[in-house]
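Hi there,

Here is the structure I promised to send you. Have a look at it first, and then read on for what turned up in it.

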Amino acid sequence: MIGKDFTKLDWDDLRHFLALAQSGTLLSAAKQLGVEHATVSRRVSSLEAGLGRKLVDRRGRRIILTSDGEQVARHAALVAVQAAAIEQLGRSSATELRGHVRISAPPALSSVLLAKPIAAVRRDHPGVEITLVGEKRLASLNRREADVAVRMSRPEEGDYAIAKLGETSFHLYASKAYLETVPPSDWTFIGYDETMNASPQQLRLAELAAGRPIAVRSSVLEFQAATASLGAGVVMLPDFAVAESSGLQRIETDQPLTREVWLVVHADIKDVPSVRVVVDALKNALGR
């Protein structure tokens, strides 16, 4: 059995240790928590002293968990989830719907599809505050990086409540002038930078380019669409992101790319009132 005196166990020590265990380095853990790396090291040492066990093996920049450390990390992850649920319940009034909900979603979805349902939640439930983080990475719901996530792929593991919102298709687009003046053999393409090389849409773009150059790259989808509308080349875009006023024309292909859109919330907080109204609003708006 680990530990000598659990009355001395400090949750902040445990929280810092969990961040270190999940990220693998002091610098990554410090960045995740918004503290100095020395603070993480001090907190972990305090936890080791309180438990009377060595939890990490410090070898260079990487941190290796001891067998005791792996055991504590597993339990700490469960504690973190329960703490998040309690925190959300504490923010919800028994008489008035209140709370703060953090949503993680891809930037393109955030700017085009989420503004209307979020505005509706604020109008109908002024006590609910919302933070929307537009990010391509998959925010960890277990680490409380977000309460709700909208994702383009279904999580493979985790204690989540998951709902499929629908599907979105991706097509090639270009300006009318570009298509009229540049033969297909001379097309150049607009795509993501190297951080998105493994994404299905970037892989399909490379397949359709068939050796023709991807001459403009950007991590910002809106920039890709803007440069395409100005005649810089052919771009692959989700259909929902293409406005009629953009001047872009769809290029039909034999098999357009289709991706699923998923709504994910940790099971322990799915019934918290403030979370539930946000989830319901997103389902109603995106699930049509």
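Before we count anything, a word on terms: helices here are DSSP runs of H or I with at least four residues, strands are runs of E with at least two, and both are numbered from the N terminus. Counted that way, the protein has 10 helices and 11 strands. Please keep in mind that this is a predicted model.

Let's begin with the whole chain. Of the 288 residues in the protein, 42% are buried. Among contacts between residues at least 6 apart in sequence, 74% join residues at least 24 apart.

The axes of α1 (residues 11–23) and α3 (residues 37–51) come within 8 Å and cross at roughly 115 degrees, and the crossing of α1 past α3 is left-handed. On the α1 side, the residues in contact are Asp-12, Asp-13, Leu-14, His-16, Phe-17 and Leu-20, and they meet Thr-39, Val-40, Arg-43, Val-44, Ser-46 and Leu-47 of α3. Sorted by type, the residues of this contact are 6 nonpolar, 3 polar and 3 charged.

Now for the rings. How many aromatic pairs does a search of the whole structure find? It finds 1. The partners are Trp-187 and Phe-189: their ring centres are 6.4 Å apart and their planes stand at 75 degrees, so the pair counts as edge-to-face. The cut-off behind that name is an angle over 60 degrees. Both Trp-187 and Phe-189 are buried. Elsewhere, Arg-154 lies over the face of Trp-262, 5.3 Å from the ring centre.

Val-234 belongs to strand β9 (residues 234–238) and is buried, with a relative accessible area of 0%. Leaving aside residues up to four places away in sequence, Val-234 touches Leu-172, Tyr-173, Ala-174, Tyr-178, Trp-187, Thr-188, Phe-189, Ile-190 and Ile-251.

Finally, is Gln-224 buried or exposed? Gln-224 sits in helix α9 (residues 221–229), and its relative accessible area is 1%, so it is buried. With residues up to four places away in sequence left out, its contacts are Ile-190, Gly-191, Tyr-192, Ser-218, Val-235 and Met-236. Ile-190 is also among the residues that Val-234 touches.

Happy exploring!

Terms used
Residues are numbered from 1 along each chain as its sequence is written. This is a predicted model: local features need pLDDT of at least 70, side-chain atom pairs count only at pLDDT 80 or more; totals for chains, interfaces and linings use all residues. Side-chain values use heavy atoms; hydrogens and water are left out. Rings of Phe, Tyr and Trp (its six-membered ring) pair if their centres lie within 6.5 Å; planes under 30 degrees apart count as stacked, over 60 as edge-to-face and the rest as tilted. Buried means under 20% relative accessible area, exposed over 50%, partly exposed in between (1.4 Å probe, protein chains only). A charge sits over a ring if NZ of Lys or CZ of Arg is within 6 Å of the ring centre and within 35 degrees of the ring normal. Axes are lines fitted to C-alpha atoms, for helices over the stretch in contact, and angles run from 0 to 180 degrees between N-to-C directions. A crossing is left-handed if the near helix is turned anticlockwise from the far one by less than a right angle, and right-handed if clockwise. Contact means heavy atoms within 4.5 Å. Ala, Val, Leu, Ile, Met, Phe, Trp, Tyr, Cys and Pro count as nonpolar, Asp, Glu, Lys and Arg as charged, and the others, Gly among them, as polar.
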